[in-house]
Amino acid sequence: MKQPLRRFLLCQFVIPSLLMNLVSSLSVNAAVPALPAELGTLAQKSIEEVYHQNFPQAAAYAKAIIKKYPDNPAGYFFLGGVLNSQMEYLGSEKYENDFYSVCEQAVTLGDKLAVSRPDDVWAQFFAAGASGIMGAYESRYDKIVTAFKHGWGGVKMLKDILAKYPDMIDAQYGVAYYDYWRSSMISNLWWMPSVQDRRAPAIVGLNDVMWHGTFTREASAAALVDIYYNESRFKEMLALSEKMLVRFPESQLFRIARAKALIGLWQLDKSESELHVLCDKIDKTGFESAYNSVLVHCLLQKTYFMQKRFGEASHE
């Protein structure tokens, strides 16, 4: 084919076709809309305070969102996250009624906005997140039926979001978290070979969220240290714990994770030293930290047993 004819066909048919395909793909992958700046700032402050274990201040920031944006599920979602984290920290159900109340309010508001503002993807995300938090809370107490109901309900909403907004990194958190633990449980059911094991892609997804998410970076890190422990990937667990402790040096969640990783790596002198510091700190805080006290003393006992220091283990 002669060059002029080739250029003519290229300009008249091929290039326009490629441009139309490009425009079509861009219209499907819609850009994630921005949130109000003040809402985002208050939310980030609330998250930071959760990992500093300053739960009253974290709740105050979430309540400030509710006051400023009463018709948005965001504040209720973040307050539910604060209460869930506080109960997990205490090992108690102390705030359960308030927790369910704010999470259900987030879901209700999200349902209303899905009708009146169907393009408000963040409202859908916060409602889905609230449902997911309820599922996570109930799974801690082995309430399998309701945990699955809330968890799957949230995940289904998040998948719908990702179908329209595949670049919404935060929505990937709930899906990846659900996929990992579902696969982890099902992997023990040898009579269900047809169920796909999604643990590896879930871990990749959570790492992506940890680096690029907006409101779920810290939650992804917290999820990953548990997952690495479950997978016996102690080097990665240790590295991630130490990275997070640079930002949150007093975080019991990441300090306990570091101690558990050191035990897994048989670095028992280091783990023992870490646990002694934790025991002193926790035992001085009184009754509210009884759960953490028991947990840390059990880990210290395990360290002694591994070193065959049975007398000290018995004392613990």
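The expected span of a helix is taken as 1.5 Å times one less than its number of residues. Helices are DSSP runs (H or I, at least four residues), numbered from the N terminus. The model is predicted: local features need pLDDT of at least 70, side-chain atom pairs count only at pLDDT 80 or more, and totals for chains, interfaces and linings use all residues. Residues are numbered from 1 along each chain as its sequence is written, and side-chain values use heavy atoms, with hydrogens and water left out.

Helix α10 (residues 217-230) contains 14 residues. From first C-alpha to last it reaches 20 Å, close to the 20 Å expected at 1.5 Å a residue. Among the buried residues are Glu 218, Leu 224 and Tyr 228. Their cover includes α2, α8 (169-186), α9 (199-212), α11 (234-247) and α12 (252-264). Ser 232, with a positive phi near 60°, follows α10.

Thr 216 lies in the loop between α9 and α10. Thr 216 is buried, at 6% relative accessible area. Contacts (heavy atoms within 4.5 Å) link Thr 216 to Phe 125, Asp 170, Tyr 173 and Val 209, not counting residues up to four places away in sequence.

Helix α2 (residues 37-51) also packs against α4 (residues 74-90). Leu 39, Ala 43, Ser 46, Ile 47 and Val 50 in α2 meet Ala 74, Phe 78, Val 82 and Ser 85 in α4.

Conventions: Axes fitted to C-alpha atoms, helices over the stretch in contact; angles between N-to-C directions. Helix = DSSP H or I, 4+ residues; strand = E, 2+ residues; numbered from the N terminus. Buried < 20%, exposed > 50% of the residue type's maximum accessible area, 1.4 Å probe, protein only.
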